[in-house]
Amino acid sequence: MTTPARRRWPVATRDAITGIGALGVLSLVHWARAHRVGGPPIVQELMGVLPNAAAAVAIPFVLLAWWENERRPTSAARRRALAWLTGLSGVGLVLWEFGQRSSRALFFDPGDIVATLAGLAVVWVVNAAITAGAASPD
């Protein structure tokens, strides 16, 4: 008796789910902060910087999923697009952080930049998992 091959979701779907998951983390942290969820100092520090890491993961994957769905790219084109989207997202998020230095309502935190860079690294780790064993993006 043979077992049917396990069907995998298309890479674009996995990218979209990853982006949505990162947006979920971002929302959960904002909810926890609004409800003043406490914890040890390390938890409070993580709740301060985690939105930056989550945004750094969400932006490239959401945009990549949209782009893939419209174009059905090759694996090489997908990697180039992810590199561009990750770079643009990183530049935008870091510029946003530096822009907060001139704001009275927002707070500049170098830890947010570190969290953004960590999130950008996570993009590539997650990308490796998403594309593992995939012959093509579909």
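Student: Which residues does Val-94 touch, not counting residues up to four places away in sequence?
Tutor: This is a predicted model. Val-94 lies in helix H3. Leaving out residues up to four places away in sequence, Val-94 touches Ile-113 and Thr-116.

Student: How far apart in space are Val-94 and Gln-44, C-alpha to C-alpha?
Tutor: Start with the sequence. Val-94 and Gln-44 are 50 residues apart there. In space, C-alpha to C-alpha, the separation is 21 Å.

Student: What span should H3 have, and what do its end C-alpha atoms give?
Tutor: H3 has 25 residues.

Student: Which residues of H3 are buried, and what covers them?
Tutor: Buried means under 20% relative accessible area. In H3 that gives Ala-77, Arg-78, Ala-81, Leu-82, Leu-85, Thr-86, Ser-89, Gly-90, Leu-93 and Glu-97. The cover over these buried residues includes H1, H2 and H4.

Student: How many helices and strands are in the chain, and what pattern does it follow?
Tutor: The chain has four helices and zero strands. Read along the sequence, the pattern is α-α-α-α.

Student: What does the C-alpha trace span along its principal axes, and what percentage of the residues is buried?
Tutor: Along the principal axes, the C-alpha trace spans about 60 × 35 × 20 Å. The chain has 138 residues. The buried share of them is 34%.

Student: Among contacts between residues at least 6 apart in sequence, what percentage joins residues at least 24 apart?
Tutor: Take the contacts in the chain between residues at least 6 apart in sequence. Then keep those that join residues at least 24 apart. The share is 70%.

Student: Which residues form the largest nonpolar core, and which element gives the most to it?
Tutor: The largest nonpolar core has 11 residues: Val-11, Ala-22, Val-57, Ala-58, Phe-61, Leu-64, Ala-81, Leu-82, Leu-85, Val-123 and Ile-130. Elements giving two or more residues to this core are H1, H2, H3 and helix H4 (110–131). With four residues, the element that gives the most is H2.

Student: Leaving aside neighbours within four places in sequence, what is Phe-61 in contact with?
Tutor: Phe-61 belongs to the largest nonpolar core. Leaving aside neighbours within four places in sequence, its contacts are Asp-15, Thr-18, Gly-19, Arg-78, Val-123, Val-126, Asn-127 and Ile-130.

Student: Is Gly-19 buried or exposed?
Tutor: Gly-19 sits in helix H1. Neighbours within four places aside, Gly-19 is in contact with Ala-58, Phe-61 and Val-62. Its relative accessibility is 0%, so Gly-19 counts as buried.

Student: How far apart are the C-alpha atoms of Gly-19 and Ile-59?
Tutor: The two residues are 40 residues apart along the chain. Their C-alpha atoms are separated by 6.9 Å.

Student: What is the volume of the largest pocket, and which lining residues are the closest to its centre?
Tutor: The volume of the largest pocket is about 340 Å³. Its lining has 16 residues. The closest to the centre are Arg-33, Gly-48, Asn-52, Gln-100 and Asp-112.

Student: Which helix gives the most to the lining of the largest pocket?
Tutor: Helix H1 (11–34), helix H2 (41–71) and helix H3 (75–99) each supply at least two lining residues. By class, the lining has eight nonpolar, four polar and four charged residues. With four residues, the helix that gives the most is H2.

Student: How accessible is Leu-46, and how far is its C-alpha atom from that of His-30?
Tutor: Leu-46 lies in helix H2. Its relative accessibility is 48%, so Leu-46 counts as partly exposed. Leu-46 and His-30 are 16 residues apart along the chain. Their C-alpha atoms are separated by 12 Å.

Student: Where do Arg-36 and Arg-72 lie, and what is the phi of each?
Tutor: Arg-36 is in the loop between H1 and H2, and Arg-72 is in the loop between H2 and H3. Most residues other than glycine have a negative phi. Arg-36 has a positive phi, near 50 degrees. For Arg-72, phi is also positive, near 50 degrees.

Student: Is Arg-36 buried or exposed?
Tutor: Exposed means over 50% relative accessible area. Arg-36 has a relative accessible area of 74%, so Arg-36 is exposed.

Terms used: Residues numbered from 1 in each chain as written. Predicted model: local features only at pLDDT ≥ 70, side-chain atom pairs only at ≥ 80, totals over all residues. Heavy atoms only, no water. 1 Å grid on protein atoms, 1.4 Å probe; cavity = no way out; pocket = protein on both sides within 12 Å on 5 of 7 lines; lining within 4 Å. Points joined across faces, edges and corners; volume = space filled by probe spheres on them. Nonpolar A, V, L, I, M, F, W, Y, C, P; charged D, E, K, R; others polar. Core = buried A, V, L, I, M, F, W, Y, C linked by side-chain atoms within 4.5 Å. Buried < 20%, exposed > 50% of the residue type's maximum accessible area, 1.4 Å probe, protein only. Contact = heavy atoms within 4.5 Å. Expected span 1.5 Å × (residues − 1).
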